Amino acid sequence: MRRKPATVRFARWSATHPWSAIGMWCLFVAACFLLGGMAGSDRISDLESGVGESGAAGRIVASGDFTEKPEESVLITAESGGALDTGAARRAAGELAGRMAALPEVERVDEPVLSPDGRALLLPVTMAGDAETADRRVQPLLDATAEVERAHAGLRFDQVGTGSTAKGLTETLGEDFVRAELISLPLTLVILLVAFGAVIAAGVPVVLALSCVATAIGLSALVSHVLPETSVVSNVILLMGMAVGVDYSLFYLKREREERHRGASRIDAIEIAAETSGHTVLVSGGTVIVSLAGLYLAQEATFASLATGSIIVVAVAVLASLTVLPALLAKLGRWVDRPRVPFLWRLTMRPTPSRLWPALLRPALARPVLTLIVSAGALLLLALPALDMRLKQPGSDDLPRDIPVVRAMDRLTDAFPSEGTVHEVAVRAPADRAEDVERALDGLIDRLADEDLFAHDQEPVVRVSDDRRVHALRVGTPHSSRSDGARESLTLLREWVPEAMSGIPGVESAVGGKVADGMDFTAHLQARMPWVVGFVLLLTFVTMFLIFRSLAVALSAILLNLLSAAASFGVLVAVFQHTWAEGLLDFHSSGAVVSWLPLFLFVMLFGLSMDYHVFVVSRIREAAMDGAPLKEAVREGITRSAGVVTSAALVMVGVFSIFGTLSMVEFKQLGVGLAVAILLDAVVIRVFVLPALMAALGRANWWPGGPSRRYRGRHAVPAGEAVRGTAPSGGGLVASERGPSRL
């Protein structure tokens with residue numbers, strides 16, 4: 001007798017030892033979460049995150065071991081926005097300076113500086129301690145500023161700096177994520193209630209997904225001490241964890257319930273679900289992990305961090321579905337269908353086949369070539385705007401202007417342009433050449449003074465490291481970071497710096513800063529993207545071919561996923577590179593897509609879309625293995641999988657759409673891009689393109705050979721031996737002790 005697959009063996013052990021399986025899972029989750037919290041996370045440093053010349057500049061500056069003190073700037077202007085009473089402003093600044101100097105959080109208060117037009121006064125403050133914790137220690141400074149402002153009517157005080165800016169943004173964006181979490185959980189539960197018609201059945205996938213997220217966050221923190229992580233990795237883990245965690249549980253739970261309601265015993269139903277949906281979950285998780293691994297080829301620390309966090313949560317979700325979920329189902333038994341929601345329960349368990357999906361599939365099966373041309377053509381039209389995609393790194397210009405600290409930053413940079421967009425010149429040379437470097441930088445400063453592309457409101461200051469080997473110079477520009485003027489100033493500075501340093505032996509120089517970071521990062525991604533895309537396509541093709549033993553299935557999987565990804569990119573460009581949707585989605589268009597998004601979105605979409613593709617094609621193959629003609633197998637496979645795939649897609653679209661409501665434009669673009677792609681994949685691809693393509697290919701779908709015989713006969717039931725059970729919506733299988741057989 002042939003040995004059963006590992007998914008069945010795991011499921012059977014868990015189902016027959018439920019308390020042991022549940023207990024071990026709870027210990028695993030608790031251990032990962034607690035150990036991760038105790039170890040903390042190691043964040044990506046400037047030495048690791050930069051690429052190109054800007055990365056080199058960051059590494060040069062870091063090698064100088066400069067003491068980076070957190071700085072705050074208090075801007076005093078007329079409350080009316082008009083002319084400033086300079087005398088009153090200086091008296092207020094003096095009072096504030098005295099209050100600030102008395103605070104233990106403050107190291108130094110400098111003399112106030114009047115803006116060139118005389119309409120603003122700037123009070124520079126240097127905080128004590130390190131910059132990393134400034135946001136947690138800045139509140140006394142903010143309180144002092146607020147008290148002085150209340151005592152001086154007619155003056156407006158704006159505080160901007162290392163701590164106050166981080167605190168203001170964190171509070172606003174933190175509220176965004178809390179709101180997103182509060183909305184996403186009830187929304188997911190409502191969708192699952194509609195899918196199952198029972199409260200416990202709806203709650204199981206959500207609870208399991210949350211446990212996967214907690215586990216992955218803990219494991220990610222531990223792994224970060226080997227591969228440092230970016231600050232947004234926990235948000236990506238939450239996004240991916242809720243999506244795949246709910247989906248995988250949904251696939252498994254739906255199939256177990258389907259078999260149980262056909263008459264299979266509790267253990268048999270779990271085994272059948274493990275052999276079919278469990279196998280699909282394992283394959284789908286593998287394809288998602290393979291796709292995400294492509295991000296490592298980007299050779300950039302942020303992408304490596306996102307790949308690591310996402311791979312961890314997907315692997316944990318697969319593990320949960322194959323181990324603890326069978327134990328939960330075995331322990332709950334028929335209680336999983338309690339308490340029932342009357343109308344929804346009858347809707348999900350109706351004995352007659354659904355008429356909707358056969359009706360929707362009729363055009364694709366009756367006229368496959370025409371349907372394929374029309375549906376694929378529509379997706380290609382949606383993809384057309386992607387040809388005009390422009391990329392840009394997000395910056396302060398992309399932050400919502402309704403955040404108080406952002407408005408304060410705008411007023412500060414209007415009065416003192418050198419405090420806004422800044423380039424950083426970094427020079428490293430032997431210590432005995434320090435005087436030569438300083439003379440060269442003084443000459444560069446003189447040259448900058450005659451160029452309108454650079455700011456002249458404050459004199460640039462050269463910083464020198466203790467060992468005199470590293471020099472750093474901050475150069476401001478009056479142009480916003482996303483403007484052509486900022487890019488032109490960077491290009492000019494990158495020409496002038498090597499000229500200034502020529503003739504100095506052993507010198508290294510580079511120009512960095514936010515503008516340089518964005519330009520170099522975008523150029524790096526454009527150079528690496530072909531490698532990542534090629535890797536994902538090749539590995540996906542190989543994986544699909546090994547699963548289905550069919551070149552046609554493997555090629556069609558790649559082509560259909562490319563089609564849905566291209567269409568989602570087109571929608572992304574149409575929405576965010578133009579202004580028509582600004583009011584609808586509450587954002588300000590920068591005329592570009594966030595530079596890191598296309599690559600990350602492509603990898604995620606390719607992985608997540610494979611969930612549905614593998615699941616649907618597996619059901620079609622099951623029907624074909626039972627002897628159904630191809631078109632009947634396509635109809636039966638898609639109809640039988642319609643409920644679970646639609647529910648899973650709605651969960652993903654719901655979760656991703658909530659990210660489209662967040663304040664930061666990169667999260668808006670990520671949410672909209674993912675939601676659109678999943679919607680197109682679950683509706684247009686599954687209902688029209690896939691069935692039309694398979695119907696048009698005919699027997700060539702399974703070339704070389706016929707449908708895989710891996711499962712043939714395993715669940716076959718001789719005529720007359722079927723046990724009584726309720727046929728699910730859309731027809732399908734009846735069960736015996738040996739499993740299901742097609743009616």
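Residues are numbered from 1 along each chain as its sequence is written, and side-chain values use heavy atoms, with hydrogens and water left out. Because the model is predicted, local features need pLDDT of at least 70 and side-chain atom pairs count only at pLDDT 80 or more, while totals for chains, interfaces and linings use all residues.

**Aromatic pairs**

Rings of Phe, Tyr and Trp (its six-membered ring) pair if their centres lie within 6.5 Å; planes under 30 degrees apart count as stacked, over 60 as edge-to-face and the rest as tilted. The count is 8 aromatic pairs. One of them joins Phe251 and Phe615, whose ring centres are 4.4 Å apart with planes at 10°, so this pair is stacked. Phe251 belongs to helix H10 (residues 233–261) and Phe615 to helix H23 (residues 597–625), so the pair ties together parts that are 364 residues apart in sequence. Helices are DSSP runs (H or I, at least four residues), numbered from the N terminus.

Buried means under 20% relative accessible area, exposed over 50%, and partly exposed in between (1.4 Å probe, protein chains only).

| Residue | Relative accessible area | Class |
|---|---|---|
| Phe251 | 1% | buried |
| Phe615 | 2% | buried |
| Val206 | 6% | buried |
| Cys32 | 6% | buried |
| Cys26 | 46% | partly exposed |

**Charges over rings**

A charge sits over a ring if NZ of Lys or CZ of Arg is within 6 Å of the ring centre and within 35 degrees of the ring normal. Lys254 lies over the face of Phe196 at 5.5 Å from the ring centre, and Arg463 over that of Phe66 at 4.7 Å.

**Cysteines**

With a disulfide taken as a pair of cysteine sulfur atoms within 2.5 Å, the count is 0 disulfides. For Cys26 the nearest cysteine sulfur is that of Cys212, 12 Å away. For Cys32 the nearest is also that of Cys212, at 11 Å.

Val206 is in helix H9 (residues 199–223). Leaving aside neighbours within four places in sequence, Val206 is in contact (heavy atoms within 4.5 Å) with Leu185, Thr188, Leu189, Leu192 and Val246. The C-alpha atoms of Val206 and Leu250, 44 residues apart along the chain, are separated by 9.6 Å.

Lys668 is in helix H25 (residues 665–697). Lys668 is buried yet has no salt bridge, and the nearest side chain of opposite charge, Asp586, is 5.2 Å away. A salt bridge needs a side-chain nitrogen of Lys or Arg within 4 Å of a carboxyl oxygen of Asp or Glu. Beyond four places in sequence, the residues that Lys668 touches include Phe576, Asp586, Phe659 and Ser663.

Methods: Helices (H or I, at least four residues) and strands (E, at least two) are DSSP runs, numbered from the N terminus. Lys and Arg count as positive and Asp and Glu as negative; His and the chain ends are not counted.
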